Each structure stands twice: as structure tokens, then as C-alpha cells.
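Hi everyone, thanks for having me. Let's bring it up on the screen.

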Amino acid sequence: MSANPDGKPTKVSELDGEAPESTDFANYFCTYAYIYHQKDMLEDHKRTGAYYQAVLSNKRQFQGKVVLDVGTGSGILAIFAAKAGAKKVYAVEATNMAQHARNLVEHNKVGHIVEVIQGTIESISLPEKVDIIISEWMGYFLLRESMLDSVLVARDRFLAPGGALYPSHAAIYMAPIRSNLANQRTGEFQGSMEGWAEFLQEMQHYYQVSLDCLSDAYRSEQKDYYHHTSQWTDTHPQQLLGPAAPFIKYDLHKLTLEELKAPLKAEFVLHMTDGGPVDALCGFFDVWFKGSEDNPTDNEIRLTTGPDPTGATHWGQQTFPLHPPIDCAPNDKLRVSIEVTRRADNQRLLAVKAAISVEGNSIYAEQSKTPRNFRWNIE
């Protein structure tokens, strides 16, 4: 929290909770405390527009209701809820952005409805149960950042029976694509190794120190980065070699925190409409605003982050390069076994493993008796 001249924290609300733990703040929360970062998200009109439509086209569901906004940031979703007729909105923000959110709420003349609370959702208390929880918690590949954890904590602590989550459902997809990313990353890896060779010569020439013993470790480090790290991309639909397939679907009213934290394991099939090679897999997510069984929406809204000829959302897609590419023919199928886990070094980042084999009547399927294994980090 920010501080007064006397050094004491400035309270945003009497309901304020605790600040994030320092390492988690440095790894995750700190960027959200800057207005420029909020601007990047707000000007993603596919994102902001979907939330606006989900709330304002379902005014009946918000009229006279108590709403909790988890991770309110600038306060925009809390303002939407107030404009839709909510009688009370608790807008919880862990960072000092809460100060700006309060100013924005007052400036937009909804301060009598929206109460901004600074602190983590795990540390705050509310004086009442809420009818609706709204949150923009999604990260790259849906699950990066692990903010959904906090939404489920809020649901279990504060949501009244029959209450609704906005969004209420989510799914993650994979699609086979053609892409130059693998070749590009291989070229960058080779360039990095050439630069390392020049560096070794310079160190020996200028300082008479040999660093050769670090070469294997450096090569492994660089290969991990260039060959085993997914990349943010704006993928065009023309790059698709077949339709995307969902490999996990979530009903956020029923998903437990234990299920969410466990390794995600799934098997799915990608149907090839075009022949390969398949240069990469493209991962993205959709969320739906359906309300709850007791309080369904009048107008269901879907926010998709899939390949779009008009351009990507700020989430883009995650492209997972295949080194080397997978050859296949039209009408072949790729059978994919995938595992998504939280990284040991940072629980808000992800590690992905996949075993991929070709099935069908082509020569490539005949040659694909053993699945090929791939791994990537999502940074």
C-alpha cells in the first residue's frame, strides 16, 4: 500500500487487507500497479468489449445485486457493474492501483455504490455474501499467472448459494499450424552460439581466461530458451492446417482449487485438413459468460482468443514450435497426449509436455509408430 507522509499506509477502505508477499509481488503483481499496463488491457477492445456486453446486456441479473470484482485493477469492471444497476460493488485490488481505482470510481460518480478495497482476496473480509463475482483473471494459455486460484478462493468464501461467476466457463484449445517460428528460433539459437564462440575468443585474447568449460551449460541454457519456450504470436487463420480441438473445459462454479492445482493431463486428436509439415501447435482459450443455473444470463457472451484475421487480443496465442516439424498428409490425425504443470521455480508460470503421433493411411502414419516427445516453458 502507499504511505502517508508519516510513513503509515494509506487506507483505501476500512475493509483493506494485506499486501502480496514480496516475492510474489516482484514476480507478478508489480506490473499491474502501473497505469500503462492497465491501458494495455483496457485498449484491447475485444476483451473490454466482451465484459461490457456481458454486464450491460444482462442488466436484469445485476439489478439490485451485490457484486465482488476480484483484481479490479483500474476499476473498470466494477464501474460496469454499478452502471448495470448493482446496489453494492466490492472492488478488491492487491496493488496500489487501488488508489487510482478509487479516484476513477469517484470521478465516474459511482462512489456511493463501489467500495474499493486494497489487499489480497485471501486476506480481506466482507460484511456480506455476494450475488455475483466478476473478474478478468485469464493469463496466457488461460492458466498462466494462476489468478484463477484467487477467484476460486473468493467463490468459496464469499459467493452466496446460487450466485454467478462472470465468466462462468472456459476452455483451452490446440490447433496445428504452419509457421516460420521454428526456423526463426533455430536461426537465433545458431546466432547465439556463434556469438558465444566470439565471446570465448575475446575473453582469452584480452584477459587470458578460458571459459570453455561453460560452453555445454551455455548451449543447454540457450537451447532451452530458443527450442523449448513457447512464443506469443498473432496467428492468422490461414496458418491453420486443421480445426482447433479443446482439450480441457471448465465449469468455474464446480471446479475445485485442488483440481486446478493438480497437473492437467489430457489426450486429444487434431484432424488434418491440409498436409504438413506441422511446424507448431497453436494454443489459445475461450471464456463464456453464462451466469449460474439459478441466475442465467439473458444474453450469453463468448470471448475468444483464437486466430482472427482482424488481429489478436492482448493475450495473442501461444505458439509451441516443433523441432523438427511433423510430416503428415491430408486426412491424417495427430494424437496428442499433453501435460500442463506449474513451474517449480515460479508457480505462476507453466511447463508443457506433449507426446505426438501421426495416425491414418499415409506413409507418415506408417512411420510414426512411436510418439515424439516435446516440452516447452510458458514464460
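A search of the whole structure turns up 1 cavity of 30 Å³ or more. Please keep in mind that we are looking at a predicted model. How do we look for holes at all? Rolling a probe the size of a water molecule over the atoms shows where empty space is left.

The largest cavity holds about 30 Å³ of space. Which residues line the largest cavity? They are Y140, F141, G283, F284, F285, T305, W315, G316, Q317 and Q318. Two elements, β10 (278-291) and β12 (317-326), each give two or more residues to this lining. The largest share comes from β10, with 3 residues. If you sort the lining of the largest cavity by class, you get 5 nonpolar residues, 5 polar ones and no charged ones.

Now for an open space. The second largest pocket contains about 290 Å³. It is lined by 21 residues, and the closest to its centre are Y250, E259, L260, K261 and A262. Which elements supply at least two residues each to the lining of this pocket? Those are α7 (148-158), β8 (245-251), α10 (257-261) and β13 (333-342). The lining of the second largest pocket splits into 13 nonpolar, 3 polar and 5 charged residues.

Next, let's turn to helices. Two packed helices are described by the angle between their axes and the distance between the axes. I have two pairs to show you.

Please find helix α8, residues 181-207, and helix α9, residues 215-227. Their axes come within 9 Å and cross at roughly 155°. An angle over 145 degrees counts as roughly antiparallel, so that is how α8 and α9 are arranged. The crossing of α8 and α9 is right-handed. On the α8 side, the contact is made by R185, T186, E188, F189, S192, M193, W196 and L200. On the α9 side, S215, Y218, R219, Q222, K223, Y225, Y226 and H227 take part. By class, this contact of α8 with α9 has 7 nonpolar, 5 polar and 4 charged residues.

The second pair is helix α3, residues 45-56, with helix α5, residues 76-83. Here too the axes come within 9 Å, and the crossing angle is roughly 25°. Are α3 and α5 roughly parallel or antiparallel? Angles under 35 degrees count as roughly parallel, and therefore α3 and α5 are roughly parallel to each other. The crossing of α3 and α5 is right-handed. From α3, the contact uses T48, Y51, Y52, V55 and L56, while α5 brings L77, F80, A81 and K83. The residues in the contact of α3 with α5 divide into 7 nonpolar, 1 polar and 1 charged.

Let me finish with some backbone details. Most residues other than glycine have a negative phi, and most peptide bonds are trans.

A cis peptide bond joins G276 and P277, with omega about 10°. You can find P277 in the loop between β9 (264-271) and β10. Another cis peptide bond joins H323 and P324, where omega is about -10°.

Where is K109? Look in the loop between α6 (97-107) and β3 (114-118).

That's my tour, and I'd be glad to take questions. Thank you!

How values were computed
Residues numbered from 1 in each chain as written. Predicted model: local features only at pLDDT ≥ 70, side-chain atom pairs only at ≥ 80, totals over all residues. Heavy atoms only, no water. Axes fitted to C-alpha atoms, helices over the stretch in contact; angles between N-to-C directions. Helix = DSSP H or I, 4+ residues; strand = E, 2+ residues; numbered from the N terminus. Parallel < 35°, antiparallel > 145°, perpendicular 65-115°, else oblique. Left-handed = near helix turned anticlockwise from the far one by under 90°. Contact = heavy atoms within 4.5 Å. Nonpolar A, V, L, I, M, F, W, Y, C, P; charged D, E, K, R; others polar. 1 Å grid on protein atoms, 1.4 Å probe; cavity = no way out; pocket = protein on both sides within 12 Å on 5 of 7 lines; lining within 4 Å. Points joined across faces, edges and corners; volume = space filled by probe spheres on them.
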